[in-house]
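Please keep the sequence and the structure in view while reading.

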Amino acid sequence: MSSHQNPVVDTVIVGGGQAGLALAYWLAKEGRDFLILDQNHRPGDAWRLRWDSLRLFTPAKYDGLPGSPFPGDRLAFPTKDQLADYLEDYVRRFDLPFVPGIRVDEINRDGEAFTIRAGNRIWHARNVVIATGGHRIPKRPPFAGELDPAILQLHSQDYKNPGQLREGPVLVVGLGNSGAEIALEVGHNHPTQLAGKPSAEMPMRHGRTAARFALPVVRFLGLYVLNLNTPIGRKAAPGFKSMAAPLIRTKSKDLVAAGVHLAPRLAGVSNGQPVLADGTRVKASNVIWCTGYHEDYSWVKLPVFDLHGEPRQTRGVADDVPGVYFIGQEFLFAAASATLPGVGKDARYLARRLTSERPPTVGRRREGETRLPMSR
């Protein structure tokens, strides 16, 4: 096959979300030869495809990536579409080699390098950066399949707006931030119950005042105090990875005030109907699963994971296989590592490590990418 069909590059970044793009910026500054492979058709689609009313929890002043502040009101909380458009413009602005519509099926070792396969397309690279986490598989309890077929089931990944729902009551399962915000929205037009218990709730009221005074403190703690270089950060890391985030914008009292009924956790199904932990059978025409995701790394055929399937890495550098890197994961180095305020710092560090440990052997090339139209 031709070199165009089997491109050879210094570094392949798998995943073109904010973490992959932040790293790409620094690799471009270093003059590295790299490609970004992303399964979506446009930069920013991972945000663009989420539910319609979603807004960020962080103000615009903390949402920009390296080299490009987020535009507009610095104390506003951008919509998911505003962020998606910003990411698309970021790719154009810095002419990043973004290859859309590529879902990577397999990463294998090839001597001292790697092969990255997506369908019948193959790339060869000296370095590979996993910027996606695993393939995210929506999580539902095993008994979900026992619900009456007349009940509409949606995972939060597929929920867009209340117009998707059938007439009648809604049961939202999972009291994290997604569950709270979706329950508040659907509760305006449907009798709504929210099953679950929050891990915690942020004590301050979310909004512009918090953006000005409280969130800078939260950001500082998440970057410089709760990280793997500090005793308190090392102690906190396991809990951050295993527990849901605290409720940030929509709190329990907001839900109650809006008429959403807070219910115990969902325990099972009886005669096709949901049953709560206290034995209550719920009449529901719709169930929305806000129950998170499984991370599936089975496509990474490399010995870089522990017995629990977690990457063995130190600040994004794989412990056992030179040339493999991770970015954008929960508490990769700090509590903010998986957030917009945190990815830039991790990306700068990782680009320096990659450059020092794996110096390039070829000049920067861009074989195989689809460039976006330039917008200057």
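Which residue's side chain meets that of R42 in a salt bridge? The partner is E88, with N and O 2.8 Å apart; a salt bridge is a side-chain nitrogen of Lys or Arg within 4 Å of a carboxyl oxygen of Asp or Glu. The model is predicted, so local features need pLDDT of at least 70 and side-chain atom pairs count only at pLDDT 80 or more, while totals for chains, interfaces and linings use all residues. Residues are numbered from 1 along each chain as its sequence is written, and side-chain values use heavy atoms, with hydrogens and water left out.

**Salt bridges**
- R42 lies in the loop between strand 2 and helix 2, and E88 in helix 3, so the pair ties together parts that are 46 residues apart in sequence. Helices (H or I, at least four residues) and strands (E, at least two) are DSSP runs, numbered from the N terminus.
- E88 is buried at 8% relative accessibility, whereas R42 is partly exposed at 36%. Buried means under 20% relative accessible area, exposed over 50%, and partly exposed in between (1.4 Å probe, protein chains only).
- K80 and D81 also form a salt bridge, at 3.2 Å from N to O; K80 is buried at 3%, and D81 is partly exposed at 32%.
- In helix 8, R353 and E357 lie four residues apart, about one turn of the helix, and their closest N and O atoms are 2.2 Å apart.
- Salt bridges with shared partners join R42, D45, R48, D85, E88 and R92 into one network.

**Helix 3**
- The 14 residues of helix 3 should span 20 Å at 1.5 Å a residue, and the end C-alpha atoms are 20 Å apart, which agrees. The expected span is 1.5 Å times one less than the number of residues.
- Among the buried residues of helix 3 are L83, Y86, L87 and Y90.
- The cover over the buried residues of helix 3 includes helix 1, helix 2 (45–48), strand 3 (98–99) and helix 8, where contact means heavy atoms within 4.5 Å.

**Nonpolar cores**
- The largest nonpolar core has 54 residues, of which I13, L21, L23, L65 and I288 touch the most other members. Such a core is a set of buried Ala, Val, Leu, Ile, Met, Phe, Trp, Tyr and Cys residues joined through side-chain atoms within 4.5 Å.
- Helix 1 gives the most to this core, with eight residues.
- A second, separate core of 27 residues includes V14, I102, W123 and V300.
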